[in-house]
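Thanks, everyone. I'll take a few minutes on the pockets in this one.

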Amino acid sequence: MLLAELADQLVDAQNAVRRPDYRCPACHEPVRLHRGRQVIPYFAHLPQSPCVIQGEGETPEHLAGKRQLADFFTPWGPTELEHVLPMIQQRADVWVARTSQPVAVEFQCSPLSLAGVSTRTAGYQKIGCYPFWLLGHRYAQQRLNWALIERFMGWLPRWELCLPFWDVTQQRLQLTHHLYQDVAGHYGGQVTSVANLAALIAGPTQLDPYPRLSLKRVRYHWAQELARATPNLRAVQEFLYLRGHHLLGFPEAFETTGSTPPVLGRGLLLWRILFGTALFALNGPLTSNRLAPLAQHCLELVGGHEQTVRVSFPHLVDRLQAQLMTELVQRGYLTVVPDGWQIRRQPRWRSARIGTD
Ligand SMILES: [Zn+2]
């Protein structure tokens with residue numbers, strides 16, 4: 001930590017001299033000043049008395065980042081390093097006393113469990129402050145992945161779904177924004193370097209178009225995965241096999257391109273193939289009551305979710321289902337009847353061999 005208590009005053013490690021009576025501002029146990037030629041000065045608990053408020057171990061990145069972030073957020077209001085919140089037993093790396101709503105800045109450099117992120121986020125929300133997570137170097141190096149998105153994805157006006165990274169070397173916010181998933185499940189987003197808070201509020205200066213996806217390539221990749229018998233697609237292929245089909249022969253009727261929020265696991269296309277297959281295997285009228293649980297089950301099969309720690313997508317599956325049903329009606333596969341739909345004709349499955357259609 002950067003601050004310690006000394007006779008009811010807070011002392012910043014960079015102005016401190018060695019003495020034995022510094023105390024932790026949160027738990028009031030003794031802490032010791034660490035300083036040397038190579039290290040950014042900081043205070044640490046004695047090994048035998050760890051703090052009641054857990055924090056991450058102090059790395060040079062974390063220590064430097066906290067000070068930089070306090071400067072970065074200053075235009076929003078007075079900032080305070082390592083603000084202790086006894087009510088929720090948490091310590092915000094930087095506290096921004098913003099008039100409309102206080103902001104708790106968390107600079108996360110070390111690994112943190114899903115439960116850890118959820119608890120800390122819920123704590124801040126409970127006291128009515130906005131938790132702003134910024135991720136350090138180890139996270140910035142990763143390819144976009146679900147663990148990252150599930151824990152830390154937020155939503156900001158004009159940037160939409162995003163992951164904020166703080167680059168200590170450049171002293172800049174690197175925002176991966178307009179996060180999405182293509183229908184084959186690949187995560188994507190645009191990266192913009194944000195120099196200051198005014199630029200953060202202004203939003204991106206330009207928006208890149210979503211890359212085009214070739215469904216032929218998707219089939220090719222699935223074929224490779226099936227050939228390698230990777231567990232990823234096994235449950236999916238089994239589900240289809242029991243209904244007399246092979247994944248690679250999926251009908252044109254279920255095809256789609258575009259993008260979705262990045263929460264659909266293996267992607268929208270696979271969900272449509274599974275749900276469409278199950279739908280056309282049903283006998284009798286297709287009512288919403290019969291379809292809704294099926295749609296949810298297919299979401300689980302593709303590893304999709306309707307929420308992350310920070311963002312929920314209520315009725316996402318309902319909307320995907322409604323979209324598919326509308327298309328199937330328009331293309332003559334289904335007819336609308338008073339209490340739902342009726343199958344008019346079956347979609348045609350293709351040969352499962354690659355390169356034959
Ligand atoms: Zn303590």
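By class, the residues lining the largest pocket come out as ten nonpolar, eleven polar and eight charged. This is a predicted model, and the pocket has a computed volume of about 660 Å³. There are 29 lining residues, and those nearest the centre of the pocket are Ile53, Gln54, Gly55, Glu56 and Arg91.

Which elements give two or more residues to that lining? They are the strands β4 (42-45), β6 (90-96) and β7 (103-108), together with the helices α1 (60-72) and α2 (114-126). Strand β4 gives the most, at four residues.

In terms of domains, the lining of the largest pocket takes at least three residues from domain 1, which covers 1-52, and at least three from domain 2, which covers 58-202.

Now the second largest pocket. The space in it is about 340 Å³. It is lined by 14 residues, and Arg143, Ala184, Gly185, His186 and Tyr187 are the closest to its centre. By class, that lining splits into six nonpolar, five polar and three charged residues.

Which helix gives the most to the lining of the second largest pocket? That is α6, residues 215-227, with four residues. As for domains, at least three lining residues come from domain 2 (58-202) and at least three from domain 3 (215-343).

Note on methods
Residues numbered from 1 in each chain as written. Predicted model: local features only at pLDDT ≥ 70, side-chain atom pairs only at ≥ 80, totals over all residues. Heavy atoms only, no water. 1 Å grid on protein atoms, 1.4 Å probe; cavity = no way out; pocket = protein on both sides within 12 Å on 5 of 7 lines; lining within 4 Å. Points joined across faces, edges and corners; volume = space filled by probe spheres on them. Nonpolar A, V, L, I, M, F, W, Y, C, P; charged D, E, K, R; others polar. Domains from an automatic or database assignment.
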